[in-house]
Amino acid sequence: MPDSTQNPAAIADTEFQAPEAPRRTRLQEAWEELRRNGLALSGMVVFVAFFLVAVSGLALTSGVDPLLDPAQIRLQEKLRSPLSMPNTELLSPEETPALGIYLLGTDDLGRDVFARMLQGSWVSLTVGFVAVGISVLLGILMGGVAGYFGDLSIRSDHILAAFIALAGVVIAAAGSPAIGAALLAAGTAWIALTSRGKRPAALGGVSVDTLIMRFVDIMLCFPSFFLILTVVALLPASIYNIMIVIGLTSWMGAARFVRAEFLSLREQDFVTAARALGVSDWRIIFRHMIPNAVAPVLVSATIGIATAILTEAGLSFLGFGVPPPHATWGNILSDGKRFIFDAPWLTFVPGIAILIVVLSFNLFGEGLRDVLNPKLRER
Amino acid sequence: MVSFIGRSVIQKAVTLFFVSVLSFLIIHLAPGEPSQVDPLNPKFTPEMVERFRKAFHLDKPLHVQYAFFYRNLLTGDLVSWKDNQPVLIKIWERFLNSLPLFIVGTLITWTLSFPVGIRSAIRRGGLYDRTATLLAYLLISIPGFFFAYILIILVVSRFQVPVIGMETFGLADASTIRMLMDRVWHLLLPSVLGATGGIAVLSRYVRSQMLEVEGQDYIRTARAKGLPEEQVHYRHALRNALLPFVTMFGLILPGLIGGSVIIESIFSWPGMGRMAYEAILARDYPIILTVNFISAVLVLAGTFLSDLLYMVVDPRIRL
């Protein structure tokens with residue numbers, strides 16, 4: 001409508017026709033696309049169902065007097081097969097399961113596997129989401145800074161000073177706080193004092209991008225499962241350590257994606273326009289660039305949740321998982337392996353549960369990739 | 001080319017240095033000390049602990065320990081804290097045990113994934129493609145240890161062959177054929193398990209590469225001049241689709257070491273993964289750090305090799 005833009009006064013009088021371009025929102029379009037992809041859709045259904053199960057599992061099995069008690073030991077009822085009825089003559093009333101049936105059988109201590117699986121589903125869910133949350137945040141931060149501020153250079157004396165400060169922290173943690181604090185203070189003071197005023201180019205420097213991406217390279221050199229295993233084994237056993245360690249060792253992929261996206265977005269017209277309008281750097285990053293760069297991160301995050309659940313199960317299996325009174329799918333399975341011939345359900349129930357959940361996350365993630373990236377669609 | 005190699009080598013050396021520093025810090029800053037592993041053992045008198053700390057330089061500051069450690073590693077004097085064996089010899093023995101697993105696993109992965117991937121790309125959207133896709137996702141998603149137990153039950157109850165360990169105990173005077181078959185059975189399950197994830201990922205990758213090439217203009221040209229389908233797929237498309245896989249020869253190098261902690265401990269296979277696991281349990285820092293160091297070297301050497309191979313194979317890339 002060139003004439004109406006040329007004559008702003010006419011706009012008020014003319015009644016606008018509905019704009020011709022997108023009749024459907026992006027969400028509707030994505031939904032249409034997803035509906036055509038059967039595997040991805042079933043993945044999403046399981047995803048949602050798993051979420052509901054985990055939340056209801058938390059509600060039913062936690063608290064002082066839970067409805068389904070995953071820790072209730074009934075030695076007279078051990079290794080009962082799935083769908084068997086509890087023997088009410090042998091059990092006191094408070095020991096009988098609330099459902100009146102062992103849906104998934106009992107384990108070697110007579111604990112209800114169904115209740116333990118419910119409790120474990122919440123653990124798997126939180127491990128997956130928290131670990132991936134950490135890795136995605138770190139990845140976006142590192143990748144974003146590398147992609148957006150990549151051209152800035154850091155003076156090499158500042159890098160040296162930062163190393164001195166870091167060494168100070170390390171030494172302070174290692175046992176001599178006085179020397180450590182002195183080094184830390186010296187390093188930060190040097191940076192603070194010399195960063196005012198103009199940067200002397202003569203000292204030379206390294207660009208932010210190089211620094212961050214070399215760090216990514218360094219992190220990629222570690223064999224990831226082995227590193228996680230080492231750190232988890234050295235730290236005191238706790239579920240939070242596992243989440244944090246998995247998160248801290250898996251952000252490199254997201255950082256690379258975000259950096260690549262930012263490098264291309266940075267040159268595009270809408271960013272130049274925003275900058276010309278005087279929008280601040282951080283607002284450009286958060287308001288304009290991240291929404292455009294987040295699609296591949298979302299995909300890798302979905303698949304990352306699956307990987308984190310598998311990693312937790314693997315750690316529990318090796319005995320480094322969540323400490324015993326708490327049930328997780330990994331440690332139900334690893335406890336059950338001793339009874340694999342007498343009580344196969346102790347292996348198969350958690351194994352198949354992990355398989356289904358991980359599979360659904362993987363399928364949903366791959367489906368998302370197709371949905372969010374129009375270039376991959378079949379025409 | 002020469003300048004690329006030079007730059008790359010320097011860069012990798014710097015990376016390796018930082019990896020060594022970082023892994024050293026991670027290990028030594030973690031709470032607990034190796035000299036306190038067993039405080040209730042009456043043999044561990046304070047004098048013993050002191051002597052132990054002195055013998056392994058644990059009483060020195062961290063940077064001195066670091067220097068001692070890597071000097072010993074490079075001269076081959078490094079000994080395990082657990083049994084005073086030289087670390088490199090220990091790792092070498094275990095490495096020889098892991099090697100057959102790795103080779104057989106890699107062979108299975110590569111010989112299976114290419115036909116599967118190529119066929120699903122050619123029959124895109126068909127029944128074969130969809131089945132292969134679903135199977136690939138299943139293989140990625142199944143927890144390795146769960147799959148291992150299913151396979152063990154299957155093999156043990158169906159074929160009545162023992163599969164745990166490297167060979168059956170007490171078969172020393174059996175015939176050569178028996179012993180050979182025994183070794184093959186013991187090798188088969190762990191290597192199949194090690195290959196499952198690889199097959200799934202690689203076959204999907206082959207498929208997507210193949211699909212990408214099939215959409216190129218020169219494939220349309222080949223069809224347009226009336227070449228038979230066979231020739232279009234295998235002579236024109238496949239050759240170009242194979243390019244990125246040449247570089248993957250470099251990237252499988254790290255698999256030599258980081259591979260299979262879980263699988264080796266299920267099958268009590270005395271390989272590297274299991275040694276690393278035992279070292280972690282015993283807080284045997286020299287072994288943990290050396291395994292970590294070697295695997296970092298392999299990762300760096302692998303990427304370097306794949307860059308070089310790419311340059312040799314693909315004339316479009318000239319640095």
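Modeller: Angles between axes under 35 degrees count as roughly parallel, over 145 as roughly antiparallel, 65 to 115 as roughly perpendicular and the rest as oblique. This is a predicted model, in which local features need pLDDT of at least 70 and side-chain atom pairs count only at pLDDT 80 or more, while totals for chains, interfaces and linings use all residues. Residues are numbered from 1 along each chain as its sequence is written, and chains are lettered from A and ligands numbered from 1 in the order in which they are written.

Biologist: How are helix 13 of chain A and helix 15 of chain A oriented to each other?

Modeller: The axes of helix 13 (residues 281–318) and helix 15 (residues 345–372) of chain A come within 8 Å and cross at roughly 170 degrees (axes are lines fitted to C-alpha atoms, for helices over the stretch in contact, with angles running from 0 to 180 degrees between N-to-C directions; helices are DSSP runs of H or I, at least four residues, numbered from the N terminus). Helix 13 of chain A and helix 15 of chain A are therefore roughly antiparallel.

Biologist: Which helix of chain B gives the largest share of the side that touches chain A?

Modeller: The contact, counted where C-beta atoms placed from the backbone lie within 7 Å, takes 36 residues from chain B and 36 from chain A. Among the helices of chain B that each supply at least two residues to this side are helix 5 (127–141) and helix 14 (285–313). The largest share, 7 residues, comes from helix 1 of chain B.

Biologist: What is the handedness of the crossing of helix 10 of chain B with helix 14 of chain B?

Modeller: The axes of helix 10 (residues 243–251) and helix 14 of chain B come within 7 Å and cross at roughly 155 degrees. A crossing is left-handed if the near helix is turned anticlockwise from the far one by less than a right angle, and right-handed if clockwise; for helix 10 of chain B passing helix 14 of chain B, the crossing is right-handed.

Technical notes: Two residues are in contact if their C-beta atoms, placed from the backbone, lie within 7 Å.
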